[in-house]
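Hi,

Here is the structure I promised to pass on to you. Have a look at it first, and my notes follow below.

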Amino acid sequence: MDATQSLRYFGPELVLTAAIMAVLALDLGLTARGIERSRWPGIVALAGAAAAIGSAVRLLRVPAREWLFGRMLVFDGFSVYFKVLLGLALLAAVWMSLGSREVRGQPNEGEYFTLLLSSGLAMLLMAAAANLLMAYLSLEFASLTSYVLTGFLRHNRRSAEAALKYLIYGGVASGAMIYGMSWIFGLTGSMDYAGIAAGIAQLDDPSRGAFFLALVLVLAGFGYKVASVPFHMWAPDVYTGAPIPVTAFLAVGSKAAGFAMLLRFFHFGVGAAGPVGAVTRVPLLQLGTLLCAATMTLGNLAALSQQNMKRLLAYSSIAHAGYALLGFVVFADAGVQAVLFYLTVYYIMNLGAFWVVMLIANATGHEDLPSYRGLAWRGGALPALALAIFLFSLAGLPPLAGFVGKFYVFGAGVERGLIALVVVGVLNSVVSLYYYVRVVKTMFLDEPRAEDAPVHFALNDLAAVGLLSAATLVLGIRFDWLLARVETARRIFAG
Amino acid sequence: MGHNVLSLMIFIPLAGMVVILCLPSRAHGVIRWMGVAATVPPLLMSVWLLEHFDPQTTAPQFVQRFAWIPAYHINYFVGIDGISITMVVLTALLCFLCMFASFGIEKAVKGYFALFLLLETGMIGTFVALDFFLFFVFWELMLLPMYFLIGVWGGPRREYAAIKFFLYTLFGSVLMLVAILYFYFAADPHSFDMTQLGALLAKKIPLDVQVLLWVALFIGFAIKIPAFPFHTWLPDAHVEAPTAISVILAGILLKMGTYGILRINYGILPAATLAPFWGGHSVAFWLLAALGTLNIVYGAVCAMAQEDLKKLVAYSSISHMGYVMLGMAAFTPQGINGAVLQMFNHGTITAMLFLLVGVIYDRAHHRQISGFGGLASIVPVYTGVTGFAFFAAMGLPGLSAFISEALVLLGAWQQYPGLTIVAASAVILTAGYLLWALQRMYLGQPNEKYLGLAEINGRELFTLVPLAAIVLFLGIYPTPILNLQSPALLRLNEQVQQAAAPPPPDSIAAR
Amino acid sequence: MPVTTAVFYLLAAVTLGSACGVAFGTNILYSAFALMGTFLGVAAIFVLLGADFLGVIQLFVYVGGILVLTLFAVMLTHRIDVQVSNRAVGRLPGLVVVGVVATWMIRVARAARWTEGQPGPPAATTAGIGDAFLGTYVLPFEVASVVLLAALIGAIVVSRKEVKG
């Protein structure tokens with residue numbers, strides 16, 4: 001489909017681009033008039049994100065499966081599903097930013113929202129890219145904006161350090177990835193995934209080694225985006241250093257976009273689901289299994305001793321990337337479906353957890369665990385309860401949404417016969433319970449001491465958190481509608 | 001109300017929880033009575049169930065079933081049969097009584113009673129769920145309230161005890177989750193139906209995999225029972241938990257382990273149960289009979305060494321649950337009947353013991369056995385009730401535990417004479433630690449510190465008397481309960497034995 | 001060995017050697033100058049492959065623009081000596097890893113059958129690139145412009161002066 005026809009299916013991206021320009025122009029106008037700390041850039045950004053979601057939701061009903069822009073992007077249920085999810089992540093990040101002390105009223109707020117929206121745009125492109133060129137470009141776009149957003153806190157050394165670390169790791173990972181892509185191009189002679197799949201189907205035996213090496217290199221880039229071991233090292237520092245809304249956006253948005261690329265590349269480009277000989281003869285399954293088990297285990301073990309909530313959630317998000325990777329390792333539609341489901345659930349509960357952490361940071365000025373001591377008994381009962389719900393859900397306890405997500409992922413693993421990996425996964429959830437419960441214990445079981453000041457939370461700040469915790473509860477009991485959604489979204493367009 | 005009585009039993013406490021959450025947190029009195037009010041309907045319904053239950057039908061009764069998540073063949077499917085009816089009754093009864101035993105709670109009353117009712121929902125749900133997914137949800141649902149109930153309202157080391165309980169149980173249940181998923185995908189058509197899975201899977205899974213699954217499930221249940229060596233959470237949790245929660249833990253939660261083995265290991269994997277395991281003996285011999293006997297002896301020996309009365313009772317629970325394991329491993333009518341009866345009897349007796357410990361702790365604020373003495377002359381009524389409970393725990397003829405333990409030993413004798421001799425001799429140990437404690441605390445010179453100790457009050461007596469009456473009644477006339485459970489248990493027994501063809505060598509030798 | 005192959009290896013050696021100079025140089029000024037070798041080598045490889053326009057652009061943008069800017073930045077910075085705080089860490093293991101990976105890569109690369117384009121007669125590529133940008137590659141082209149905009153804004157945010165709050 002050529003460019004003009006493609007625009008019909010390009011609504012969310014166009015809306016976001018317009019919003020970016022609008023925020024930029026508005027900020028310029030406000031600055032020219034000497035108006036400082038206006039709320040408007042944020043509100044326009046919020047409206048832009050909401051409009052993008054609206055546009056994506058409208059596309060949900062379009063059954064078409066097409067190439068867009070001359071084999072650069074694809075349009076399918078899978079990409080639209082991710083666009084809705086990423087749009088929601090963006091919306092939440094903007095909403096959080098409007099209530100965050102780290103962002104609201106700070107200098108360069110307008111630029112912040114511009115960058116945040118750009119980051120969202122980049123992730124939407126990632127979800128639809130089916131061409132090595134677009135994949136690389138969109139991934140770098142997302143990374144670039146994330147670096148700046150991470151370093152947004154100018155007075156905070158940790159923030160600057162995190163941005164630099166992010167940049168360096170990102171440079172290495174994307175360098176490895178583009179090198180791997182060049183090999184893939186060299187082996188298959190094609191940049192779009194359909195051509196790659198066709199080229200791989202004709203690979204001869206001696207080329208297998210090179211093909212596998214190229215896949216490993218490409219995985220480095222994807223692994224970096226989803227924060228999988230061994231490309232996870234940036235995550236704890238970046239999550240800790242970045243402003244909380246950015247952290248939340250990276251944790252739920254960036255990860256989801258990374259998974260979208262990963263799944264599309266392997267299920268379409270490499271053709272993991274199809275009967276492609278070259279794939280079955282390279283140790284991809286073993287590599288995936290290893291990465292998955294290592295990611296779950298390392299993430300959880302490292303989280304055990306964390307004292308800073310953001311850092312704890314960073315390691316926990318690494319572990320969750322591991323659970324989601326289990327769905328990837330399944331290399332079948334059932335696995336894709338499980339990952340989609342898991343990422344959705346993960347979006348709700350992890351976002352909720354970060355939101356509460358932000359509210360508490362706003363109220364107390366701290367993010368470390370000791371400042372949560374006895375929170376439930378000194379005015380913070382509602383946020384403490386919400387955080388407990390999110391954390392138990394992250395640990396995977398029924399009847400919360402996280403349980404269903406894990407159940408589904410592990411189910412896909414068992415169906416495929418990956419029993420050992422599933423056992424590693426379930427044992428990891430036991431380990432993870434320990435550190436999640438440690439937070440709950442600090443909030444509920446520990447008595448507040450004299451130096452712990454009472455805290456106050458305005459009810460309207462808690463609205464979003466309440467919404468998310470209700471969603472966590474409801475999705476744990478009624479998830480058939482979401483199942484139906486991911487069922488239609490799981491079929492990745494394949495040429 | 002026949003078709004939805006079980007759902008009402010499950011969800012009325014939940015509704016009570018919601019109501020309590022809406023009450024102002026200062027209205028302690030209202031909250032307490034609301035808690036009681038929410039436990040009354042399940043109790044009445046359980047009595048109604050006893051009346052309308054047809055013991056001759058081995059299929060589940062009062063079944064309610066509708067699709068919950070059709071895409072994954074998950075149903076909301078509840079029902080009771082001979083295996084679960086006594087447990088449901090026990091749960092409803094103990095929850096009701098424990099509400100009264102919880103009136104002394106002063107800290108965050110609202111949270112306590114709300115969580116307690118949530119716990120009751122989880123417990124009843126676990127016993128009546130017949131869909132594996134539903135079962136698992138209820139099973140795990142109990143963990144959260146239990147964690148908080150121990151952790152917030154418990155004793156000095158409550159945080160440690162609560163997290164230990166939580167992690168142990170979760171460890172067991174995640175293994176169960178893997179087994180559930182395996183069952184689901186192995187069954188054709190895919191299914192979570194606990195009543196059908198056994199038939200659907202009969203020839204589908206190779207025997208060695210079945211044994212592996214059996215062991216995975218067993219570990220989950222053994223932690224709950226708790227069977228040696230998975231028992232270490234129990235003394236901590238029981239000692240730190242507030243009185244009513246100890247009662248629930250010992251009275252109901254422990255039974256879930258043995259109930260799960262009967263319902264799931266026996267029901268779904270009958271062939272693996274009597275499969276050869278090691279040294280020419282079967283899985284059931286090693287993991288149930290031998291471990292059960294070890295439990296009996298180990299629990300009794302540990303109990304003898306305890307200085308803390310509550311810890312003593314906790315270890316006695318380990319010991320008494322051993323009889324259940326031994327009995328159910330025998331695969332004789334007496335054995336399995338005795339085991340399930342013992343589950344009920346232990347539930348009532350241990351509940352009394354923990355309530356009595358709570359009574360003395362509320363007054364003296366410690367539980368050291370050596371710190372008391374001559375209580376008989378100070379608080380005679382209390383001493384009388386305690387003596388009754390102790391004798392019941394000892395298995396004195398005329399009281400309920402005697403019947404069940406005798407049945408277990410009779411049943412086990414036919415299969416495992418060696419183990420039975422050991423188990424029977426352990427009765428002496430039981431008598432030893434109980435009588436010794438009785439002597440140190442209640443007889444002898446009164447401790448001057450406690451001369452003014454208040455006698456047991458009406459509310460406390462109210463929680464104890466119904467239990468004592470049941471213990472006495474079942475000690476004299478156990479037939480009603482045996483009639484209820486026997487047909488279903490015998491059928492289960494038969495299923496397992498039929499599936500285990502050819503019979504393993506040890507069961508032939510024993511005959 | 002054909003002449004073009006020999007020239008390629010020569011250029012590759014220059015590029016890689018200069019890159020090593022950038023990475024391992026102790027003086028940041030020398031590193032910056034070594035970078036020029038890398039850029040020039042890459043430009044020359046473009047020309048060798050018949051991508052004359054790209055080669056020239058590479059020269060203009062990287063050598064003429066970015067490198068000069070870098071040099072300015074280096075010269076205007078007060079401290080130009082680099083303090084490597086953990087020099088001892090990982091040199092040897094790093095070398096081993098690089099050696100192993102490189103051996104693996106060379107082995108599999110030599111074994112593989114690569115798709116090869118047919119070299120056509122040398123021709124100017126400028127018009128073709130222009131066409132492609134507005135035809136097949138219009139989306140990446142446009143997205144790249146948004147990326148540049150974001151990068152610009154990002155640069156402003158990163159380098160802004162402290163505003164008194």
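Chain A and chain B meet through 23 residues of chain A and 24 residues of chain B. Please keep in mind throughout that this is a predicted model. On the chain A side, helix 17 (401-416), helix 18 and helix 20 (480-489) each give two or more residues. Helix 18 of chain A has the largest share, with 12 residues. By class, the side of chain A that touches chain B has 18 nonpolar, 2 polar and 3 charged residues.

Is A:Y435 buried or exposed? A:Y435 counts as buried, because 22 C-beta neighbours lie inside 10 Å and the cut-off for burial is 20 or more. Leaving out residues up to four places away in sequence, A:Y435 touches A:A303, A:L304 and A:L312. A:V486 is 51 residues from A:Y435 along the chain, and their C-alpha atoms are 31 Å apart.

Now to the other contact of chain A, the one with chain C. Here 34 residues of chain A meet 27 residues of chain C. Helix 4 (91-111) and helix 6 (138-159) of chain C each bring at least two residues to the chain C side. Helix 6 of chain C gives the most, with 14 residues. The residues on this side of chain C divide into 21 nonpolar, 3 polar and 3 charged.

Next, the nonpolar cores. The largest one has 435 residues, and the members that touch the most others are A:A89, A:M126, A:A248, A:A256, A:A324, A:Y342 and A:L391. Helix 15 of chain A (residues 333-364) gives the most to this core, with 23 residues.

On to chain B as a whole. Its secondary structure consists of 22 helices and 4 strands. How does the radius of gyration of chain B compare with the globule rule for 511 residues? The radius of gyration is 22 Å, close to the 24 Å from the rule, so chain B is as compact as a globular protein of that length. The C-alpha trace of chain B spans about 70 × 55 × 40 Å along its principal axes. Of the 511 residues in chain B, 61% are buried. Among contacts in chain B with a separation of 6 or more, 79% are between residues 24 or more positions apart.

Chain B is divided into domain 1 (1-273) and domain 2 (279-511), and the C-alpha centres of these two domains lie 22 Å apart. Across the boundary, 46 residues of domain 1 are in contact with 46 residues of domain 2. Several helices of chain B give two or more residues to the domain 1 side, including helix 3 (85-101), helix 9 (207-224) and helix 11 (243-268). The largest share of that side, 13 residues, comes from helix 11 of chain B. By class, the domain 1 side has 31 nonpolar, 13 polar and 2 charged residues.

Most residues other than glycine have a negative phi, and most peptide bonds are trans.

- A:P398 and A:P399 are joined by a cis peptide bond, with omega about 5 degrees; A:P399 is in the loop between helix 16 (381-395) and helix 17 of chain A.
- The bond from B:F228 to B:P229 is cis, with omega near 5 degrees, and B:P229 lies in the loop between helix 9 and helix 10 of chain B.
- A:A227 has a positive phi near 60 degrees. A:A227 lies in the loop between helix 9 (208-226) and helix 10 (234-241) of chain A, and is buried, with 29 other C-beta atoms within 10 Å.
- B:H73 has a positive phi near 55 degrees. B:H73 is in the loop between strand 1 (61-69) and strand 2 (74-80) of chain B, and counts as partly exposed, with 17 C-beta neighbours inside 10 Å.

Best wishes

Note on methods:
Residues numbered from 1 in each chain as written. Chains lettered and ligands numbered in written order. Predicted model: local features only at pLDDT ≥ 70, side-chain atom pairs only at ≥ 80, totals over all residues. Contact = placed C-beta atoms within 7 Å. Nonpolar A, V, L, I, M, F, W, Y, C, P; charged D, E, K, R; others polar. Domains from an automatic or database assignment. Core = buried A, V, L, I, M, F, W, Y, C linked by C-beta atoms within 7 Å. Buried ≥ 20, exposed ≤ 12 C-beta atoms within 10 Å, placed from the backbone. Rg over C-alpha atoms; globule rule 2.2 N^0.38 Å.
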